[in-house]
Amino acid sequence: MNSVYRQIIIKIAVFATLYIPVFTHAAENNSQKEKMHTITFSELIIRTNDSVEISSVTDGIKVQMIEELRKNGFNALGAENIVFGKDKSDEATFALGGTVTKLNCKGLDNVYADSACQIMITWELFDTRVDAVIYKVDTTSKVESITDSNKAEKFKSLFSLALQSLMSRSKFKEFLTIGSKDIAWEKKEYKTATIKKCEAEKLTLPEDAPKVIAATVIIESGNGFGSGALISPDGYILTAAHVVNSDESKIIFEDGKEATAKLIRFDKTRDTALLKIPGKNYQCIIFAAEQAKVGSQIFAIGTPESKDLSFSVSSGIVSGLRKWEDAEFLQTDASLNPGNSGGPIIDHKGELLAVVSWKLSGIGIEGVGFGIPVNFALSTLSIEQGAESSDNLSTLSENDSLGDDKIEAYVDTPDLYKSIDNEDELTKTVAIEQKKQTPKIYYPLSFGGLGLVVIGATMVGTTYMRFTSDNANYGMDYDQYKTRKNLNTVGWIMAGAGVAAFITSLFLRPSKSKIREQLKQKEQKKVSMKLEVSPTFANMKVSF
């Protein structure tokens with residue numbers, strides 16, 4: 001084969017090996033993001049080793065966590081452009097936070113043969129739609145071979161690996177998957193009821209847009225606001241559940257009039273809610289007789305971003321009709337922003353197709369918004385259209401109160417937290433450290449004292465036996481008696497001095513249990529974390 005062709009084939013093979021997997025992975029990640037709710041990283045709290053002190057990290061670790069989520073295919077919002085302060089964290093449906101409950105290290109001062117650190121983080125997933133934590137789990141990670149030159153990178157890896165363990169869990173992914181059935185709360189079941197149907201009126205948009213706008217309202221609830229659509233002359237308003245934060249909301253019409261709406265029914269899992277304002281004969285929007293067709297023109301009405309932009313109209317097309325698990329969505333490329341939520345999506349005849357629910361948001365993502373089809377929205381609330389509205393819709397049951405809707409978080413199986421301390425190494429280290437902390441005089445006092453005790457006891461014993469033997473057999477003269485008595489006295493003095501020296505040495509040498517406790521406290525105080533962020537990257541400084 002010609003060498004030129006051979007080189008070309010080799011280059012093509014290298015390109016295919018290096019780049020095609022990258023393209024495939026990117027496509028898989030984008031496909032996954034389309035089916036995931038938006039998520040952001042909220043806070044990481046440090047509360048380790050039963051400490052009563054609590055501290056939080058800086059924005060640096062938040063940026064790192066958000067980037068890790070994006071890299072692994074999650075639809076993460078936040079830190080879109082650090083240089084210019086672009087951040088869409090507030091738009092996320094879910095918020096992830098964590099608490100560092102354990103952080104243990106060994107060998108960071110080269111006392112041990114090997115250095116290592118281990119961490120445990122308690123993760124919590126917060127659902128903004130229901131204002132509650134819905135998922136919890138403890139994950140652990142460990143890094144080894146820590147040196148002065150790689151400490152910062154190793155500690156970044158420590159947090160990253162703990163997050164990787166979280167992201168690999170199927171339950172965590174299920175909670176973030178759009179339309180997932182595996183959720184922490186139960187769907188509310190209501191008895192079927194009717195609302196009075198709007199009388200048909202032939203409209204053509206955009207010419208008759210003012211009539212549809214008159215049936216659109218601003219909903220102020222809590223500290224936020226959204227939009228809604230009047231769907232009955234009796235004052236029933238259909239909106240998105242995440243717009244409503246209390247049992248009563250303020251309603252503002254396009255002409256400036258206001259009313260107080262009561263929450264009648266809601267389904268947080270499918271993001272639908274029905275409100276009621278007092279009065280009759282309201283301008284309302286009729287339901288579309290036919291299902292929306294892909295490619296057909298639509299109009300979205302709402303209050304994007306600010307109430308100064310209230311009752312704005314944007315247009316687009318029906319990009320698709322989606323079904324995920326047991327939820328239905330109308331996809332559109334119309335411009336949708338916070339404040340549009342709950343507002344009507346209508347066709348060119350002014351008929352209601354859907355209410356705005358959510359959209360995909362992120363770098364390189366434009367025109368991917370979703371609404372809840374009106375018929376599906378009402379079916380989740382067990383509502384039908386009829387000649388008159390049901391009487392039992394006028395009062396919200398105490399059992400259905402938004403404030404009483406308690407949700408119990410799902411607690412996933414935690415990672416096993418194993419001690420990084422090796423008992424043999426620890427025993428060896430304690431012995432070495434004990435030797436270091438023992439004063440030099442300890443050994444002369446200890447071993448010298450034992451020597452004096454042995455010599456003194458030998459002298460006392462020997463003189464005593466000689467004295468007893470000579471006295472019994474032959475007797476002894478005065479000089480012999482005096483010599484043996486002096487030797488016996490010296491023996492007792494030497495033995496006493498030896499005992500005193502040995503006992504003194506015991507107080508000079510630290511105990512092994514005390515050394516173990518010192519080493520433990522030393523390792524705990526050794527690690528100090530400072531997390532920082534610059535305009536271009538996140539960095540963690542670790543001091544020991």
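Modeller: One definition before we start: buried means under 20% relative accessible area, exposed means over 50%, and partly exposed is anything in between. Also, this is a predicted model.

Colleague: Fine. Is E43 buried, partly exposed or exposed?

Modeller: E43 has a relative accessible area of 25%, so it is partly exposed.

Colleague: What do the side chains of K62 and E43 form?

Modeller: They meet in a salt bridge, 3.7 Å from N to O. K62 is in helix α2 (residues 59-71) and E43 is in strand β1 (residues 39-46), so the pair ties together parts that are 19 residues apart in sequence. K62 counts as buried because its relative accessibility is 17%.

Colleague: How many salt bridges does the count come to?

Modeller: The count is 11 salt bridges. One of them joins K250 and E220, at 4.0 Å from N to O. K250 lies in strand β10 (residues 248-252) and E220 in strand β7 (residues 216-221), so this pair ties together parts 30 residues apart in sequence.

Colleague: Why does E220 count as buried?

Modeller: Its relative accessibility is 19%, so E220 falls under the 20% cut-off. K250 is partly exposed, with a relative accessible area of 33%. Salt bridges that share partners join E220, K250, E258 and K307 into one network.

Colleague: Which residue forms a salt bridge with K142?

Modeller: E144 does, and the closest N and O atoms are 3.2 Å apart. K142 is partly exposed at 39% relative accessibility, and E144 is partly exposed at 43%.

Colleague: Changing topic. How many aromatic pairs does the structure hold?

Modeller: It holds 12 aromatic pairs. In one of them, the rings of Y135 and F172 have centres 5.8 Å apart and planes at 50°, so the pair is tilted. Y135 is in strand β5 (residues 132-144) and F172 in helix α4 (residues 170-176), so the pair ties together parts 37 residues apart in sequence.

Colleague: Are Y135 and F172 buried or exposed?

Modeller: Both are buried. F329 and W358 form another aromatic pair, an edge-to-face one, with 5.8 Å centre to centre and 85° between the planes. F329 lies in strand β15 and W358 in strand β17 (residues 352-359), so that pair ties together parts 29 residues apart in sequence. F329 is buried at 8% relative accessible area, and W358 is buried at 14%.

Colleague: Which residues do ring pairs link into a cluster?

Modeller: F74, Y135, F172, F175 and Y410.

Colleague: And how many of the residues of strand β15 are buried?

Modeller: Five of the six, so the strand, residues 327-332, is mostly covered. Strand β14 (residues 312-324) pairs with β15 in the antiparallel sense over six bridges, and R322 has F329 as its bridge partner. Strand β18 (residues 369-373) also runs antiparallel to β15, joined by three bridges. There, L330 stands opposite G371.

Colleague: What sits over the ring of Y236?

Modeller: The charged end of K276, 5.4 Å from the ring centre.

Colleague: Where is E207 found?

Modeller: In the loop between β6 (193-196) and α5 (209-214). E207 is exposed, with a relative accessible area of 57%. E207 and G350 are 143 residues apart in sequence, and their C-alpha atoms are 9.9 Å apart in space.

Colleague: Last one. Which residues form a nonpolar patch on the surface?

Modeller: V499, I503, L506 and F507, with about 420 Å² of accessible area together. L506 is in helix α9 (residues 478-508).

Technical notes:
Residues numbered from 1 in each chain as written. Predicted model: local features only at pLDDT ≥ 70, side-chain atom pairs only at ≥ 80, totals over all residues. Heavy atoms only, no water. Patch = residues over 30% accessible without salt bridge, like charges linked within 9 Å, V, L, I, M, F, W, Y side chains within 5 Å. Areas by Shrake-Rupley, 256 points an atom, 1.4 Å probe, with all protein chains shown as cover. Helix = DSSP H or I, 4+ residues; strand = E, 2+ residues; numbered from the N terminus. Buried < 20%, exposed > 50% of the residue type's maximum accessible area, 1.4 Å probe, protein only. Pairing = 2+ DSSP bridges. Phe/Tyr/Trp six-rings, centres within 6.5 Å; stacked < 30°, edge-to-face > 60°. Lys NZ or Arg CZ within 6 Å of the ring centre and 35° of its normal.
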